[in-house]
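Morning, everyone. Please have the sequence and the model open while I talk.

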Amino acid sequence: MATNIIMPQEYWRTWAGRPALQTRLIEGRAFVSRLWDPELGKQGIVPGLEIVMIDGLPTRQYAEKYVSPRESSSTQQYLEILTYERSLLTGAFSDPVKLTLAAEDGRTMERTVPRLTFPALTKLAPNPRP
């Protein structure tokens, strides 16, 4: 038997937030796949950058410690989608997330990006779900 807990709407309105970007898992690595906030682009964040660290931890370690234990899935493949493409950067909207990003040529940069409440995010992206 499997159990899944669905958080109430109040949780999404008052606590959980996400940066205004979408991530994609490709060959076991997390990449920025879409931006919804032009301000992130002004910081040099563009689709195609690999997310190599989150809040000082390697991305896979961060995901395994903080994200995937909260996800419910019947298959490993779907667990990876939930972890890396839906919930990877979700957290308290009052806490920005520090990303270390790597370009294809090996250059890296650190950026701290805000987490937006779901209502604020939907103003930038009408349907911000992966």
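Helix H3 buries Thr-59, Tyr-62, Ala-63 and Val-67. Buried here means under 20% relative accessible area, exposed means over 50%, and partly exposed is in between, with a 1.4 Å probe and protein chains only. Seen down the axis of H3, those buried residues fall within an arc of 100 degrees, so they line one face of the helix. The arc is that of the directions from the helix axis to the C-beta atoms.

Some ground rules. This is a predicted model, where local features need pLDDT of at least 70, side-chain atom pairs count only at pLDDT 80 or more, and totals for chains, interfaces and linings use all residues. Residues are numbered from 1 along each chain as its sequence is written, and side-chain values use heavy atoms, with hydrogens and water left out. As for names, helices (H or I, at least four residues) and strands (E, at least two) are DSSP runs, numbered from the N terminus.

Back to H3. Which exposed residues sit on the face turned away from its buried side? Glu-64 and Lys-65. What covers the buried residues includes S3, S4, strand S5 (57-58) and helix H4 (76-86).

H4 has buried residues too: Leu-82, Thr-83, Tyr-84 and Glu-85. They pack against S2, S3 and H3.

Now the aromatics. Searching the whole structure gives one aromatic pair. The rings of Tyr-62 and Tyr-66 have centres 5.2 Å apart and planes at 50 degrees, so the pair is tilted. The rule covers rings of Phe, Tyr and Trp (its six-membered ring): centres lie within 6.5 Å, planes under 30 degrees apart are stacked, over 60 edge-to-face, and the rest tilted. Both tyrosines, Tyr-62 and Tyr-66, lie in H3 (residues 59-67), four residues apart, about one turn of the helix. In general, an α-helix has 3.6 residues a turn, so residues three or four places apart point the same way. Are the two tyrosines buried or exposed? Tyr-62 counts as buried because its relative accessibility is 7%. Tyr-66 is partly exposed, at 37%.

Next, the core. The largest nonpolar core has 27 residues. Such a core is a set of buried Ala, Val, Leu, Ile, Met, Phe, Trp, Tyr and Cys residues joined through side-chain atoms within 4.5 Å. Ile-45, Ile-51, Ile-54, Leu-88, Leu-89, Leu-99 and Leu-101 touch the most other members. The elements giving two or more residues to this core are strand S2 (21-26), strand S3 (29-35), strand S4 (50-54), H3, strand S7 (97-102) and strand S8 (108-113).

Take Leu-99. Contact means heavy atoms within 4.5 Å. Leaving aside neighbours within four places in sequence, Leu-99 is in contact with residues including Leu-21, Ile-51, Met-53, Ile-54 and Leu-89. Leu-99 is also the bridge partner of Ile-54 in S7.

That brings us to strand pairing. Two strands pair if DSSP finds at least two bridges between them. S4 and S7 pair in the antiparallel sense over four bridges. S4 and S5 are antiparallel as well, over two bridges. Where does Ile-54 bridge in S5? At Leu-57. The hairpin of S4 and S5 has two residues between the strands, and Asp-55 there takes a positive phi near 50 degrees.

There is also an open sheet of three strands, in the order S6-S1-S9, with antiparallel pairing. Its edge strands are S6 (91-92) and S9 (116-117), each pairing on one side only. S1 (residues 16-18) and S6 share two bridges. Ala-16 stands opposite Ala-92 in S6.

Thr-108 counts as exposed because its relative accessibility is 55%. Beyond its neighbours within four places in sequence, Thr-108 is in contact with Leu-101 and Ala-102.

Finally, the whole chain. It has five helices and nine strands. Its radius of gyration is 14 Å, close to the 14 Å that the globule rule gives for 130 residues, so the chain is as compact as a globular protein of that length. That radius is taken over C-alpha atoms, and the rule is 2.2 Å times the number of residues to the power 0.38. Buried residues make up 39% of the 130. Among contacts between residues at least 6 apart in sequence, 54% join residues at least 24 apart.
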